[in-house]
Amino acid sequence: MKIRKLNINELETLRNLSIQTFKETFEEVNTEEDMQKYLLENLSIEKLKTELENVNSEFYFAENNGEILGYFKLNFKDAQTEKLEENHFEIERIYVLKAFLGQKIGQILFDKAIEIGREKNLEYVWLGVWEENHRAIRFYEKNDFEIFGKHDFVLGKDVQTDLLMKLKLKKNSELNYD
């Protein structure tokens, strides 16, 4: 499997993957009306193009033999959805296609995101996760994230609560490779 940074020519692929993974993850627990409103407003070509062109945001695909398995989005500096310190960065999205869940792809994507943060000498990584997404919360807790707050996440007309979680990054010199 390889993880690579996206370019603007892959906008349509990103949009399709974003919609598919978001629907696979949340469609069963939200109304169709709220889902459609969210997808239209947040995963449109125009919105994703703006995000891809932001120098403080980065998107990455996970691929195997030319097939895209999932993706993640990182935000730095003023692109973060919460205004935190300069030494923080955000994992805004990390999604794996349903067909590939349980194959450790999410962990590989997560590890790559952490590696990127370390390469940029950042001290903390943080994210928001829906308080009802117990699978994701367990995943982040397993990776030593701690809850530090909450914020609203609006899905259509439904105001949901995201738990804010963060992790202090170890410097490369502190890592134990045994």
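Author: Buried means under 20% relative accessible area, exposed over 50%, and partly exposed in between (1.4 Å probe, protein chains only). The model is predicted, so local features need pLDDT of at least 70 and side-chain atom pairs count only at pLDDT 80 or more, while totals for chains, interfaces and linings use all residues. Residues are numbered from 1 along each chain as its sequence is written, and side-chain values use heavy atoms, with hydrogens and water left out.

Reader: Is Phe26 buried or exposed?

Author: Phe26 is placed in helix 1; helices (H or I, at least four residues) and strands (E, at least two) are DSSP runs, numbered from the N terminus. Its relative accessibility is 10%, so Phe26 counts as buried.

Reader: Leaving aside neighbours within four places in sequence, which residues is Phe26 in contact with?

Author: Contact means heavy atoms within 4.5 Å. With neighbours within four places in sequence left aside, the contacts of Phe26 are Met35, Tyr95, Trp130 and Asn133.

Reader: How do helix 1 and helix 2 lie to each other, roughly parallel or roughly antiparallel?

Author: Axes are lines fitted to C-alpha atoms, for helices over the stretch in contact, and angles run from 0 to 180 degrees between N-to-C directions. Helix 1 and helix 2 pack at about 155°, their axes 11 Å apart. Ile19, Phe22, Lys23 and Phe26 of helix 1 make the contact with Met35, Tyr38 and Leu39 of helix 2. Angles under 35 degrees count as roughly parallel, over 145 as roughly antiparallel, 65 to 115 as roughly perpendicular and the rest as oblique, so helix 1 and helix 2 are roughly antiparallel.

Reader: What is the handedness of the crossing where helix 1 passes helix 3?

Author: Helix 1 and helix 3 pack at an angle of about 115°, with 10 Å between their axes, and are therefore roughly perpendicular to each other. The contact is made by Leu11, Glu12, Leu14, Arg15 and Ser18 of helix 1 and by Ile45, Leu48, Lys49 and Leu52 of helix 3. A crossing is left-handed if the near helix is turned anticlockwise from the far one by less than a right angle, and right-handed if clockwise. Where helix 1 passes helix 3, the crossing is right-handed.

Reader: How many salt bridges does the structure hold?

Author: Side chains of opposite charge can pair when their charged atoms come close. A salt bridge is a side-chain nitrogen of Lys or Arg within 4 Å of a carboxyl oxygen of Asp or Glu. In this structure, the number of salt bridges is 15.

Reader: How many residues apart are Arg4 and Glu63?

Author: A salt bridge joins the side chains of Arg4 and Glu63, at 2.9 Å from N to O. Arg4 is in strand 1 (residues 2–5) and Glu63 in strand 2 (residues 57–64), so the pair links distant parts of the chain; their separation in residues is 59.

Reader: Why does the pair of Lys157 and Glu33 tie together separate parts of the sequence, and how many residues apart are they?

Author: The side chains of Lys157 and Glu33 meet in a salt bridge, 3.3 Å from N to O. Lys157 lies in the loop between strand 6 (146–155) and strand 7 (158–168) and Glu33 in helix 2 (residues 32–42), so the parts tied together have a separation in residues of 124.

Reader: What value is phi of Asn65 near?

Author: Most residues other than glycine have a negative phi, and most peptide bonds are trans. Asn65 is in the loop between strand 2 and strand 3 (67–76) and is exposed, with a relative accessible area of 79%. Phi of Asn65 is positive, in a residue other than glycine, and is near 50°.
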